[in-house]
Amino acid sequence: MSLTLENAQVDDPQGRRILGPLSLQLSESRIGVVGNNGCGKSTLLRLLAALQMPSQGCVRGFGTTTQEQGEQWPRWVGVVFQNTDHQLLFPTVIEELAFGMKQLGWPDAEARAQQALAERPGWAYRRVHELSGGEKKWVCLRAVLLMQTQVLLLDEPSSGLDQGQRRQLRAELAGLEQQQIIASHDPQDLQHCERVIWLEQGRVRAEGAASEVLEAYLDA
Amino acid sequence: MLSLYSLPETWWHRRRAGSKLLALCVLCVLLWWWPVFLWLLLPLSWAALCSLGPQGRNTLRWLLRLWPWWLAVVLWQTWVGQWELGLTVVARWATLLACASVLTLSTRLDALMAVVQRILPGVSGRRFAIALALVVRSVPQLLDGYRARELAWRARSLRPARHQLIAPWLVDTLRDSDHVSLALQARGGSRGLPALPSSTIGDN
Ligand SMILES: Nc1ncnc2c1ncn2[C@@H]1O[C@H](COP(=O)(O)OP(=O)(O)OP(=O)(O)O)[C@@H](O)[C@H]1O
Ligand SMILES: [Mg+2]
């Protein structure tokens, strides 16, 4: 069941067009969204995550639309925000990790969160706001992965990470079964995507195989 | 949920949340009616706080840093001719704050919420716990935000900032609350996810 945009468009409060109209069927298991700053990548992901409703058109998926059942979307779609400080809600790592699973009503949420921390001993009670940027990224991604959603939206997943951490992150993402939609202006993040969509001023400038689109994007 | 909870575990951690809460209530009443106990309980409560390890000692330091406020209370009461009352008020506050800190530092929030829910069945412990955790998360972050602005100001200015940073900081704070609501929404909102209607196809 793939996410589909039908003539979806987003206007800002002044009525200025930010995104669209876009019609896209997102069925490939790895999709990249590339484009310069301000082209609308994060806005597109917010639409797909049902965090924002389109001003016109609709976002379809899972037998419904975001307008009809947006509040159910977190069951199916997980999103890692561009800015970790905008995503982290709780004072300690363990609370942050367990939260999403508790929301889904899983009784063993905390045990699962503890398990996920097995590779990082001593982290459970660390204060989230004292973590480094890379460490916060790890917590954000882990918190979303633990919810085991069918779709994973990643907004600039490697920003703020050093080279080693980037490699580690890419390897980890490559091993996941979930569908991934990755927004980035770093072509390296998107090399392995089956399909790349190049956004420019809220519209699709080009799309297709990663190698071609990324090459054209870099040449532009 | 654990929020203010501190490690390592101590004797206090192993006491039940209900008994600790009850003890705190009894203490409140006791100090209200028989203030003479204060001079015994004040040092005891501080000792208890210190026994909780680094975070307990930090909390005590924070209490002591409020000394200008304590002093102001005593001075005011002296001014109106009741210096004993001033001392009693200050000692009562210092004792109760220390005891309350022992409770929050040694008790998991969910255990505390369970007690609250037993006493007040109408209260949604879950939403209350989320709200409390958000407050605990936000305070240091807001303070950090202010400090960061101060640094940014100092880096490009010869005079220290006075009131100028307050307005932008408030705006930032409001914007931060926007982000919090979006992040909460992304993981099912403050009430948790509603049950799935049977007509829907997708599920995990
Ligand atoms: N809340 C908002 N109100 C008004 N305009 C907005 C709002 N959010 C985003 N925009 C505008 O929408 C456009 C797209 O923003 P968006 O954050 O989606 O871009 P982006 O491609 O993610 O950029 P970046 O690479 O910098 O993250 C920008 O021009 C931005 O100014
Ligand atoms: Mg963005």
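**Exercise 1. How much area do chain B and chain A bury between them, and which residues do the burying?**

Solution. Start with the area: chain B and chain A bury about 3500 Å² between them, and 57% of that lies on carbon and sulfur atoms. Keep in mind that we're working with a predicted model here. Next, count heads: 39 residues of chain A and 37 residues of chain B take part in the contact.

**Exercise 2. Find the salt bridges and polar contacts across the interface of chain B and chain A.**

Solution. Go for the charged pairs to begin with: the rule turns up 2 salt bridges across this interface. One of them joins A:Glu96 to B:Arg187. Its closest N and O atoms sit 2.7 Å apart, inside the 4 Å cut-off.

Now look at the chain B side. Helix H7 (125-155) and helix H8 (166-186) of chain B each supply at least two residues to the side touching chain A. H7(B) gives the most, with 9 residues. Sorted by class, this side of chain B holds 20 nonpolar, 11 polar and 6 charged residues.

**Exercise 3. What is the packing angle of helices H2 and H3 of chain B, and who makes the contact?**

Solution. Take the geometry: H2 (residues 38-50) and H3 (residues 54-64) of chain B pack at about 135°, their axes 7 Å apart. That angle makes H2(B) oblique to H3(B). Next, pick out the residues: H2(B) brings B:Trp46, B:Leu49 and B:Cys50, while H3(B) brings B:Gly56, B:Arg57, B:Thr59, B:Leu60, B:Leu63 and B:Leu64. Finally, class them: 6 are nonpolar, 2 polar and 1 charged.

Definitions and conventions. Residues numbered from 1 in each chain as written. Chains lettered and ligands numbered in written order. Predicted model: local features only at pLDDT ≥ 70, side-chain atom pairs only at ≥ 80, totals over all residues. Heavy atoms only, no water. Contact = heavy atoms within 4.5 Å. Buried area = accessible area lost by both parts, 1.4 Å probe. Salt bridge = Lys/Arg side-chain N within 4 Å of Asp/Glu carboxyl O. Polar contact = N/O pair within 3.5 Å; in protein donor to acceptor, adjacent residues only side chain to side chain. Helix = DSSP H or I, 4+ residues; strand = E, 2+ residues; numbered from the N terminus. Nonpolar A, V, L, I, M, F, W, Y, C, P; charged D, E, K, R; others polar. Axes fitted to C-alpha atoms, helices over the stretch in contact; angles between N-to-C directions. Parallel < 35°, antiparallel > 145°, perpendicular 65-115°, else oblique.
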